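Reader: I would like to learn how to read the packing and the strand pairing of a model like this one. Could you take me through it feature by feature?

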Amino acid sequence: MTLATVGVLVGCSTSDEGKNYDVPESLCGTSLDSGTIVELLPPGNKIDVQENNPVPSRKRCQVNVDGKAALRVSQEWWEEGDTVVDVAKGVPQVKSAELTDDSDSLLTGTGGVQRAHCADSERPGHILFTTAQVYADGVDDSAAMRELITEYTRAVEESAVCR
């Protein structure tokens with residue numbers, strides 16, 4: 001994404017004011033619309049994206065703004081039978097979340113958990129879940145979180161990890 005495009009985004013939305021960095025178009029190899037990501041990031045000058053895979057069943061991608069954790073998304077394999085409620089217990093940002101009608105996701109303005117529907121996987125007997133967590137102070141947007149967790153999950157479902 002070019003700086004000119006970011007400038008256009010800043011001009012169109014007051015929530016982008018003070019964001020003097022290029023918003024990434026992917027999070028650790030998972031392509032997303034930068035407009036989806038920007039709404040959940042704080043003002044700042046420098047952005048850094050880091051991948052961390054603490055265990056083989058979990059892939060984390062953290063976005064730091066000015067050296068502070070701002071946003072984290074993850075892909076997590078859980079045993080078959082586990083639900084979004086089970087996964088959400090480890091995601092403090094969804095502590096007051098409501099379960100969606102389809103029971104496939106939980107979300108608040110600062111966090112989300114969603115089940116990915118994989119056609120096939122290398123992990124029989126397991127279910128893939130995605131999570132998103134906002135760490136930045138003052139960022140709380142349920143509509144933006146719904147858009148992010150939905151788009152991120154869809155991208156993961158279309159990736160090699162889910163085929």
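Author: Let us begin with a single residue and its contacts, a contact meaning heavy atoms within 4.5 Å. Leaving aside residues up to four places away in sequence, I37 touches V23, P24, L27, L32, L71 and L148. This is a predicted model, in which local features need pLDDT of at least 70 and side-chain atom pairs count only at pLDDT 80 or more, while totals for chains, interfaces and linings use all residues. Residues are numbered from 1 along each chain as its sequence is written, and side-chain values use heavy atoms, with hydrogens and water left out.

Reader: Which residues touch the most other members of the largest nonpolar core?

Author: In soluble globular proteins, nonpolar side chains tend to be buried together. A nonpolar core here is a set of buried Ala, Val, Leu, Ile, Met, Phe, Trp, Tyr and Cys residues joined through side-chain atoms within 4.5 Å, where buried means under 20% relative accessible area with a 1.4 Å probe, protein chains only. The largest such core has 30 residues, and I37, L41 and L148 are the ones that touch the most other members. Its largest share, 6 residues, comes from α4, helices being DSSP runs of H or I with at least four residues and strands runs of E with at least two, numbered from the N terminus. A second, separate core of 9 residues includes V84, V87, A88 and V113.

Reader: Which residues of α4 are buried, and what covers them?

Author: The buried residues of α4 are A144, M145, L148, I149, E151, Y152, T153, A155 and V156, and their cover includes β2, α2, β5, β7, β8 and β9.

Reader: How many bridges join β3 to β4, and how many pair β4 with β5?

Author: Two strands pair if DSSP finds at least two bridges between them. Strand β3 (residues 47–55) runs antiparallel to β4 and is joined to it by 7 bridges, with E51 having C61 as its bridge partner. β4 and β5 pair over 8 bridges, also in the antiparallel sense, and N64 stands opposite A69 in β5. The hairpin of β4 and β5 has 2 residues between the strands, and D66 in the turn has a positive phi of about 50°.

Reader: Where is confidence lowest, and where is it highest?

Author: Where pLDDT is low, the predicted coordinates should not be read in detail. On this scale of the predictor's confidence in each residue, from 0 to 100, helix α1 (residues 3–12) is lowest, at a mean of 33, and β4 is highest, at 97.

Note on methods: Buried < 20%, exposed > 50% of the residue type's maximum accessible area, 1.4 Å probe, protein only.
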